[in-house]
Amino acid sequence: MKTDNKTLYEITNDTERSFLIIWGIIVALSSLVGDIIILLATGKYRAIRMHKAIIAVMQHLAVNDLILTIFKVIPGTVSLITNRWVLGTVMCHLEENISWLCHGTVTLFLTAGLTTVKFVIVTYPLRTNAWSTRAGHVICIGLWLFSFAWYAPILIANMAYLRDTIHFSYRIYNCNYDPFVEQAPGWYTPYLKYRFLTVSLFTYAFLIGTSLLLVVKAKKSAGKSKKSLKWQGLMAVLLTVLVFLLSFLPWTVVYTAWLAGAKFSNLTFQTLLQLTNLNIMANFLVYALTIRSFRIFLKQKILFMVGKKIQRGASSSSQPSMVTAVTEATGSKTVDTKEL
């Protein structure tokens with residue numbers, strides 16, 4: 001596997017590299033555990049009490065985050081640990097293309113879709129009351145297809161013209177194609193810049209605009225109906241957007257400036273690029289903080305697992321009184337997740 005600028009960009013400071021490795025491990029474990037729990041809670045157990053279309057978008061965000069964890073976060077962390085690429089050429093192609101598609105496009109469009117669906121639900125509550133989970137999945141599949149359409153020209157060029165230029169870049173500790181070789185199409189580099197700037201800037205403006213409109217509309221709707229504003233779903237959506245902006249905006253600013261000719265240290269590049277992974281691991285925490293039914297589900301499952309563990313230990317040590325107490329405690333706190 002060819003490498004790029006090892007002498008110039010390699011992280012030789014053990015403290016810096018250790019920090020990035022620990023961060024990568026935290027992101028990977030948090031996403032694998034958290035996003036699987038989200039899928040189980042929204043699918044098998046139906047433990048989140050929100051509009052079905054919103055739940056569908058949450059599921060697609062979780063799937064997207066899991067894909068990024070497997071094909072972006074874990075390979076990048078392994079590269080930091082080994083200080084080189086050890087996962088083979090096929091994974092190198094997958095890592096680069098999936099990162100651009102899912103991290104650079106799908107994440108943005110699904111997050112924008114989340115705020116849009118919520119805004120439409122708040123604006124037209126009677127019309128959208130009949131929207132099913134299937135409707136939410138149709139919207140999300142459309143966003144996946146739209147994302148792929150934006151990325152398709154890059155994928156075709158990567159496979160047809162730049163396939164042999166794939167290499168491991170020490171600047172980002174991930175794989176890269178070389179867009180400056182002679183065989184690269186003339187439109188390739190300009191399209192990369194155009195796509196990055198238009199998708200990023202449009203999404204940020206759209207998210208901020210729809211979030212503000214969502215708050216205003218939600219307050220007006222609550223006032224007209226003489227009911228208190230239901231902040232649970234609204235806060236889940238708004239906090240998701242906030243985490244997304246905090247994780248992506250710094251990298252977008254620096255990368256845009258770099259495209260314009262500005263110079264930045266490798267540590268700045270690495271730190272801000274790793275910060276974008278915050279969005280991959282954060283949704284579980286966002287839902288746990290803002291959605292009461294999800295917190296009840298988590299408490300129930302934790303109590304159940306603790307009770308089972310104590311029960312097995314008590315059975316082997318002949319302590320039936322403790323088993324009974326724990327079983328009764330978990331049983332009394334059980335919530336029928338089918339009703340959530």
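The structure holds 1 disulfide, a disulfide being a pair of cysteine sulfur atoms within 2.5 Å. This is a predicted model, in which local features need pLDDT of at least 70 and side-chain atom pairs count only at pLDDT 80 or more, whereas totals for chains, interfaces and linings use all residues. Residues are numbered from 1 along each chain as its sequence is written, and side-chain values use heavy atoms, with hydrogens and water left out.

**Disulfide**
- Cys92 and Cys175 form the disulfide, with their sulfur atoms 1.8 Å apart, and the torsion about their S-S bond is about -115°, so the disulfide is left-handed.
- The pair links distant parts of the chain, 83 residues apart, with Cys92 in helix α4 (residues 88-123) and Cys175 in strand β3 (residues 174-176); helices (H or I, at least four residues) and strands (E, at least two) are DSSP runs, numbered from the N terminus.

**Cysteine burial**
- Cys92 is buried at a relative accessible area of 0%, where buried means under 20% relative accessible area, exposed over 50% and partly exposed in between (1.4 Å probe, protein chains only).
- Cys175 also counts as buried, at 0% relative accessibility, as do Cys102 at 3% and Cys140 at 1%.

**Packing of α8 and α10**
- Helix α8 (residues 231-259) and helix α10 (residues 278-290) pack at an angle of about 155° with their axes 9 Å apart, the axes being lines fitted to C-alpha atoms over the stretch in contact and the angles running from 0 to 180 degrees between N-to-C directions.
- Contact (heavy atoms within 4.5 Å) involves residues including Met235, Leu239 and Phe244 of α8 and Leu278, Val286 and Tyr287 of α10.
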